[in-house]
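Colleague: Can you walk me through the ligand site in this one? Keep it simple, please.
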Amino acid sequence: MCGIIGYIGEKNVYAVLINGLKRLEYRGYDSAGVAICNSKLNIYKQQGKVSSLEKYIADKDVAGTMGIAHTRWATHGEPNDKNAHPHLSMKGKFSIVHNGIIENYADLKKDLIREGVKFQSDTDTEVLVNLIEYFYDQDESVTAEMAIRLALSKVVGAYGIVVVCRDELNKIIAARKGSPLVIGIGRGEYFIASDASPIIEYTNQVVYLNDYDVAIIGKDTLILKNIENSSVAMTIQKLDMSIGEMEKGDFEHFMLKEIFEQPKTISDTFRGRVSPDKTDIILGGLLDVFPKIEKARRIIIIGCGTSWHAALIGEYLIEEYARISVEVEYASEFRYRKPVLTKEDVVIAISQSGETADTLAALKMAKEEGALILGICNVVGSSIARETDAGVYTHAGVEIGVASTKAFTAQVTVLTMLALKLAKTKNIISQDTFVSLIKELYEIPEKIKTILTTHLYIKKVAEKYKDAVNALYLGRGYLFPVALEGALKLKEISYVHAEGYAAGEMKHGPIALIDEKIPVVVVASQDGFYEKIVSNIQEVKARKGDIIAVVSEGDNHLKELADDTFEIPKAHPALAPLLAVIPLQLFAYHIAVLRGCNIDQPRNLAKSVTVE
Ligand code: G6P
């Protein structure tokens with residue numbers, strides 16, 4: 001969480017920093033700040049969004065060609081001006097921006113208070129910057145870089161930090177453990193950021209920092225070391241993204257743009273991975289490890305939020321087609337509950353950002369236990385992608401809306417391909433079934449385009465339900481995780497309390513909630529559960545609940561039963577989630593717009609949760 005940007009070069013640093021903060025704002029938007037270095041260190045920070053900071057700075061001195069900036073998602077200390085970053089050390093020698101959590105900050109703070117340090121904020125970050133200053137002041141021979149390394153050796157927790165020192169205003173020092181940092185290489189200039197989004201408009205040459213790396217960055221020099229002061233080999237990578245991906249274009253919100261991108265992103269996910277005659281799937285990133293996956297005793301899929309919902313669909317797909325036992329776990333539970341893991345297990349982490357702290361930690365734990373660890377990530381070069389033994393990128397392009405949409409359908413597409421490839425390799429799927437499923441997968445983008453044309457109709461239905469206080473989402477089989485995802489979308493962006501439930505479980509509790517005030521969204525399709533879902537709808541109707549049903553086209557029976565329906569084209573049950581989720585994304589979007597909510601920056605949330 002939190003977005004960091006730093007710059008050293010010849011450009012007007014303030015413009016680079018403020019533009020960078022705007023691109024990074026999806027990572028946190030409780031407060032923002034900049035430190036501009038000219039002959040001194042000028043720090044400006046404000047509670048609220050980057051736009052508030054911009055207004056506040058309008059008449060301030062921002063001349064300079066070096067600086068650091070931060071947009072915050074609060075962990076320690078409430079979101080206010082004093083807790084905003086950058087933080088300054090007590091004597092004003094160091095300024096820092098930080099993403100992560102210093103877990104032993106309370107003990108360190110006590111020690112520093114004993115040494116006479118006075119604190120202005122409630123943050124763990126201010127402790128770290130004072131610890132750096134403390135070591136710096138121990139001896140004249142201690143440089144800023146040495147002081148930072150000494151301080152970091154005392155820290156327990158996670159950090160991505162960028163630091164400037166008043167006495168050494170010709171360099172920026174960055175270090176990472178657990179929280180991502182990437183350095184963009186320009187001509188006579190360097191950029192440092194939490195992710196590549198603020199860098200891409202200047203350069204596509206980047207170096208991703210690894211844990212325990214310390215980078216010393218001058219205008220014309222980049223030195224990479226580790227925390228023990230040994231030099232570290234540098235790998236320069238080329239970014240494969242375009243600036244257009246970071247713009248909203250004609251759309252009012254990133255979320256809407258990303259919903260509408262799904263026909264393309266799903267095609268991008270399977271492009272090049274299916275043989276031209278559609279008789280085989282090639283997942284290049286898994287080639288070397290495929291024999292091991294095929295023989296896995298079981299597959300455990302871990303993730304958080306929307307990625308966890310995709311994992312559930314993966315479980316249904318892999319068990320049905322590849323007949324390998326699958327367990328799906330919340331990464332945050334898995335990492336702490338002492339699971340039994342063996343070398344025959346395969347653990348797959350699903351993560352859009354590839355940076356979610358719980359998923360990353362769960363993966364590392366599984367690796368230590370000897371399991372083969374794989375990743376399904378969207379962000380190329382992300383921590384999870386680099387930690388895993390092998391993996392598959394989703395290729396959905398940059399996702400900026402905090403509520404995940406196109407990443408979800410891309411993850412489900414990868415899982416579909418994985419299940420089918422495993423089934424084929426194990427020789428337990430007929431060639432006809434395999435080819436017909438692949439052909440249907442190819443038709444999904446066009447079918448989504450059809451659903452997207454109903455966008456304004458969905459808006460009309462949303463008008464009817466916009467004042468609901470609660471909502472229930474029900475689904476069975478492959479559509480149960482879709483019900484969970486639909487409920488999550490509504491919760492995240494419109495703040496309506498919504499619960500997703502397996503429809504068969506309704507009578508074991510949620511039915512007590514049903515009255516004329518609660519809309520019940522039923523995700524139904526004409527699969528083996530059709531009669532059962534019809535019964536569930538009747539149970540709701542009998543209790544005066546309003547039904548909004550996602551139905552297959554031509555399903556007049558459900559159309560008559562339901563108060564409102566969202567039609568989706570017919571599809572094989574295993575592929576139906578890719579269609580059924582689309583109207584639910586749009587429904588949540590319109591409800592949130594009608595309620596006046598901030599779509600791309602919902603309260604209290606952030607896109608990438610790099611803290612526990
Ligand atoms: C946050 C985001 C969600 C996302 C979840 C997992 O909560 O707001 O949209 O699903 O993290 O993120 P990941 O990047 O690991 O998929």
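Colleague: What lies 2.6 Å from an oxygen atom of the ligand?

Modeller: A polar side-chain atom of S351 does, and so does one of S353. For T356 the distance from a polar side-chain atom to a ligand oxygen is 2.4 Å. This is a predicted model, where local features need pLDDT of at least 70, side-chain atom pairs count only at pLDDT 80 or more, and totals for chains, interfaces and linings use all residues. Residues are numbered from 1 along each chain as its sequence is written, and side-chain values use heavy atoms, leaving out hydrogens and water.

Colleague: How much of the ligand does the protein bury?

Modeller: The protein buries 91% of the 390 Å² that the ligand exposes when taken alone (Shrake-Rupley areas with a 1.4 Å probe).

Colleague: New topic. How many salt bridges are there?

Modeller: The count comes to 37, taking a side-chain nitrogen of Lys or Arg within 4 Å of a carboxyl oxygen of Asp or Glu. One of them joins D211 and R176, whose closest N and O atoms are 2.9 Å apart.

Colleague: Why does that pair tie together parts that are apart in sequence?

Modeller: D211 lies in the loop between β11 (205-208) and β12 (213-217) and R176 in strand β8 (172-177), so the pair links parts 35 residues apart in sequence.

Note on methods
Polar contact = N/O pair within 3.5 Å; in protein donor to acceptor, adjacent residues only side chain to side chain. Helix = DSSP H or I, 4+ residues; strand = E, 2+ residues; numbered from the N terminus.
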